[in-house]
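This report concerns the packing of helices in a single model. The sequence and structure are shown first.

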Amino acid sequence: VFKISYTGNLYNGRRNPNLIFKAIHELILEGKIDENNIEINYAGKDGLIWDKISKCNKLKSNILGEIEHSDSLLLQSESHINILMNWTLPNFYGGLTGKFYEYLDARSPILLLINGGPDPEFERIFKILNSGIVVYDIEDYKEEIKKFILRLYTYWINQRSKLCEYNFEELKNFQWDFMISNFYKNHFS
């Protein structure tokens, strides 16, 4: 099946997958996605909230609960899309979470949904790496989400594999060894 997954917490509503669920539901209603070919996974402590949002959008989710870190990494690598959610505040953005780096390592397209204003740091990184899409939790972005999911789903239907379009040459710039050596060079040389 085509797997869309989120691993993590919802932080009391600061992270809310509702817009993504709306987009998936519309794709199913439009006959562009077969609901029997899609699996929406959630691993984390907020399964009841995730399930409620999923059901409100007439979708079913595979609620895994809190799982071992190794199982979380396996789920991320098996997924065709990994959902990353974050929030911004005025003059506070670019919160590069550990989850973001796990998702990069999974080599699956990332759908980043941001609650709040623009996040130029994430937008820049996603553009450089070609790692997925950055959208905001505003209804205007629903069509963009639908196009992203449909493109990856269509590829999966035709190829039976996930599409990874990462710019691997640029990815090295986000690896620990490279970042720490640059930090050391710029601050202690």
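Which residues of helix α3 (residues 69-78) are buried?

## Basis of the model

The model is predicted, so local features need pLDDT of at least 70 and side-chain atom pairs pLDDT 80 or more, whereas totals for chains, interfaces and linings use all residues. Residues are numbered from 1 along each chain as its sequence is written, and side-chain values use heavy atoms, with hydrogens and water left out.

## Helix α3

S72, L75 and Q76 are the buried residues of α3 (buried: under 20% relative accessible area, 1.4 Å probe, protein chains only; helices: DSSP runs of H or I, at least four residues; strands: runs of E, at least two; both numbered from the N terminus). They lie on the same side of α3, because they cover an arc of only 100° around the axis (directions from the helix axis to the C-beta atoms). They pack against β1 (2-7), β2 (38-43), β3 (61-65), β4 (81-87) and α4 (98-106), where contact means heavy atoms within 4.5 Å.

## Helix α5

In helix α5 (residues 120-129), the buried residues are F122, I125, F126 and L129. Their arc around the axis is only 95°, which puts them on the same side of α5. The partners of these buried residues are β4, α4, β5 (110-115), β6 (132-136) and α7 (168-171).

Just after α5, N130 has a positive phi of about 55°.

Conventions:
Buried < 20%, exposed > 50% of the residue type's maximum accessible area, 1.4 Å probe, protein only.
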